[in-house]
Amino acid sequence: GRVTLVKGFGGRFMSKTVLLLLALGCVLYLLYINGYLVTNRKKAVMYIETRRGTHATFSACTGYTKRMVRFKESGLYHFTLSSELTKGKLSVELLHSEKHQIMCLNGNQRNADLAIDKNKRYYLVVRFHSATGNYALHWN
């Protein structure tokens, strides 16, 4: 016999819609775990960011951006924050996969060394407090 996923009015349409939504959900998940899908909660007069969120220029920005970061190799990484702010404050945090903070860079602490496991997921969070200027985050 024939198996129908959804019985009733529009069964074929409903099953195609469900499959399309599942496929879209899978694509969004893949984008998220690879760092291309970003969580933003910020207000800004102007905000321009690079694709991976490691450089940005902004004006009157308050809030945060959050993205997943994966590292290609395990080992000791050196992180450096360079920023030029004319107003406000900026901080860059790295969170472990359990979402506890393992690094915080800001105007007072611009460098950090961390042991990174390539099999773990990390979250990069940039927080803005009425900030105007630019930043760049580098690691190697």
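Trainee: Which side chain does Glu-49 meet in a salt bridge?

Mentor: Glu-49 pairs with Arg-67, at 3.5 Å from N to O; a salt bridge requires a side-chain nitrogen of Lys or Arg within 4 Å of a carboxyl oxygen of Asp or Glu. The model is predicted, so local features need pLDDT of at least 70 and side-chain atom pairs pLDDT 80 or more, while totals for chains, interfaces and linings use all residues. Residues are numbered from 1 along each chain as its sequence is written, and side-chain values use heavy atoms, without hydrogens and water.

Trainee: Where do Glu-49 and Arg-67 lie in the chain?

Mentor: Glu-49 is in strand 2 (residues 46-49) and Arg-67 in strand 3, 18 residues apart. Strands are DSSP runs of E with at least two residues, numbered from the N terminus.

Trainee: Is Arg-67 buried or exposed?

Mentor: Arg-67 is buried, with a relative accessible area of 4%, whereas Glu-49 is partly exposed at 26%. Buried means under 20% relative accessible area, exposed over 50%, and partly exposed in between, using a 1.4 Å probe and protein chains only.

Trainee: How many salt bridges does the structure hold?

Mentor: There are two. Arg-127 and Glu-93 also meet in one, at 2.9 Å from N to O. Arg-127 belongs to strand 7 and Glu-93 to strand 4, so this pair ties together parts 34 residues apart in sequence.

Trainee: Which ring does Arg-127 lie over?

Mentor: Arg-127 lies over the face of Tyr-64, 5.6 Å from the ring centre. The criterion is NZ of Lys or CZ of Arg within 6 Å of the ring centre and within 35 degrees of the ring normal.

Trainee: Changing topic, how many aromatic pairs are there?

Mentor: The count is 11. Rings of Phe, Tyr and Trp (its six-membered ring) pair if their centres lie within 6.5 Å; planes under 30 degrees apart are stacked, over 60 edge-to-face, and the rest tilted. Phe-71 and Phe-79 are edge-to-face, with 6.2 Å between centres and 90° between planes.

Trainee: Which residues do ring pairs link with Phe-71 into a cluster?

Mentor: The cluster joins Phe-71 with Tyr-77, Phe-79, Tyr-122 and Trp-139.

Trainee: And the largest nonpolar core, which residues touch the most other members?

Mentor: Of its 23 residues, these are Phe-58, Phe-79, Leu-94, Ile-116, Phe-128 and Tyr-135. Such a core is a set of buried Ala, Val, Leu, Ile, Met, Phe, Trp, Tyr and Cys residues joined through side-chain atoms within 4.5 Å. Strand 7 supplies the largest share, seven residues.

Definitions and conventions. Helices (H or I, at least four residues) and strands (E, at least two) are DSSP runs, numbered from the N terminus.
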